[in-house]
Amino acid sequence: MIYVFVFIQANHRTGLKLSLAILSFFILTSLPYLAHLHPEPYANFTIQLHIVSAVLIAALYFFSSYQHRFQIAQLTVDELARMANTDQLTGLANRRRMVEAIESEIRRFTRYGNPFSIILIDIDHFKAINDQFGHVVGDHALMALARRSAEVSREVDILGRWGGEEFVMILPETSYEQSLQKARALCSHVAVTPLVDDHQITISCGVTTASRGDDLCNLVNRADVALYTAKRGGRNRVEGVLPEPFAEPKIRVDELIC
């Protein structure tokens, strides 16, 4: 029980050292006893007890070190999973994770009919920002937009980086009109104060909502059409495209999505 308690309270290396110290103490304490009772059966029992204790310590060390290695492996797997689903620059979900989230929402919508919408977000004149102020300012703009977008999102909303200067926000249980209001609030929140230092940066948003028969490509294509409409309309604005079930999308961007 002493050895088990030691390994429970300490890590495998410390447990081994303490257990060996305790065993050594017991052996040294029993040496005078063994010298006087060498032919007696109690002496054999004491020796066997020390041997069993040594075997027990070895077994406890093996299982404790195995558990330690398993915990390290589990942490490594969790970290790899986090890295595989996280955008390194902004800390948001990356495109892979967002694709999985959108497909999950489509399956939920198909089964239960609960509405959901998406907002495709793009920084206006982002190339000019990089060209004029450098990529460091551009990176800071992306990180600042991620933080500011998170400030207006709900806990159930899923925000991620779609690629380049584009972000996407998934709005579960949200109708088309509600998603338009959310996107307008986001545009205003970004434009109200400089995003990076004294650089006034704006965004454009494309909004759509799920419809029966939608897949990932159809849904994102509609949001992309809405975003391009907002860009052509002067930027720093929100446009939406209502779903047209079973209609061919006006702009095909499958090569960017599928």
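Student: What makes up the chain, and how does helix H4 lie against the strands?

Tutor: This is a predicted model, and its chain holds nine helices and five strands. Helix H4, residues 95-112, lies across strand E1 (116-123), E2 and E3, and its direction is at about 125° to that of E2. Read along the sequence, the elements follow the pattern α-α-α-α-β-α-α-β-β-α-β-α-β-α.

Student: In which order do the strands form the sheet?

Tutor: The five strands form an open sheet in the order E2-E3-E1-E4-E5, with mixed pairing. The twist from one strand to the next averages 20°.

Student: Why are E2 and E5 called edge strands?

Tutor: Strand E2 (158-163) and strand E5 (238-240) each pair on one side only, and they are the edge strands of the sheet.

Student: How do you know that E2 and E3 count as paired, and in which sense do they run?

Tutor: Two strands pair if at least two bridges are found between them, and E2 and strand E3 (residues 166-172) have five bridges, in the antiparallel sense. As one example of a partner in E3, leucine 159 is bridged to methionine 169.

Student: What makes the pairing of the sheet mixed?

Tutor: The pairing is described as mixed, and two of the pairs illustrate the word. E1 and E4 run antiparallel and are joined by seven bridges, with isoleucine 119 standing opposite valine 207 in E4. E4 and E5, on the other hand, run parallel and are joined by three bridges, and here cysteine 205 has valine 238 of E5 as its bridge partner.

Student: Why is strand E4 called largely enclosed?

Tutor: A residue is buried when its relative accessible area is under 20%. Seven of the seven residues of strand E4 (residues 203-209) are buried, so the strand is largely enclosed by the rest of the structure. Ile203, Cys205, Val207 and Thr209 point one way from E4, while Ser204, Gly206 and Thr208 point the other way, and all are buried. In a regular strand the side chains alternate between the two faces of the sheet. For the chain of 258 residues, buried residues make up 41%.

Student: Which residues is proline 115 in contact with, leaving aside its neighbours within four places in sequence?

Tutor: Proline 115 is in contact with Arg108, Phe109, Pro172, Glu173 and Thr174 when those neighbours are left aside. Threonine 174 is 59 residues away from proline 115 along the chain, yet their C-alpha atoms are separated by 5.8 Å. In the chain, 66% of the contacts between residues at least 6 apart in sequence join residues at least 24 apart.

Student: What makes phenylalanine 26 partly exposed, and which patch does Phe26 belong to?

Tutor: Phenylalanine 26, found in helix H2 (residues 12-36), has a relative accessible area of 34% and is therefore partly exposed. A patch takes residues with over 30% relative accessible area, and Phe26 forms a nonpolar patch on the surface with Ile2 and Phe25, together about 300 Å² of accessible area. The chain exposes about 14900 Å², of which carbon and sulfur atoms supply 60%.

Note on methods:
Residues are numbered from 1 along each chain as its sequence is written. This is a predicted model: local features need pLDDT of at least 70, side-chain atom pairs count only at pLDDT 80 or more; totals for chains, interfaces and linings use all residues. Side-chain values use heavy atoms; hydrogens and water are left out. Helices (H or I, at least four residues) and strands (E, at least two) are DSSP runs, numbered from the N terminus. Axes are lines fitted to C-alpha atoms, for helices over the stretch in contact, and angles run from 0 to 180 degrees between N-to-C directions. Contact means heavy atoms within 4.5 Å. Patches are made of residues with over 30% relative accessible area and no salt bridge: like charges are joined within 9 Å, nonpolar side chains (Val, Leu, Ile, Met, Phe, Trp, Tyr) within 5 Å. Accessible areas come from the Shrake-Rupley method with a 1.4 Å probe; for residues, only the protein chains shown count as cover. A salt bridge is a side-chain nitrogen of Lys or Arg within 4 Å of a carboxyl oxygen of Asp or Glu. Buried means under 20% relative accessible area, exposed over 50%, partly exposed in between (1.4 Å probe, protein chains only).
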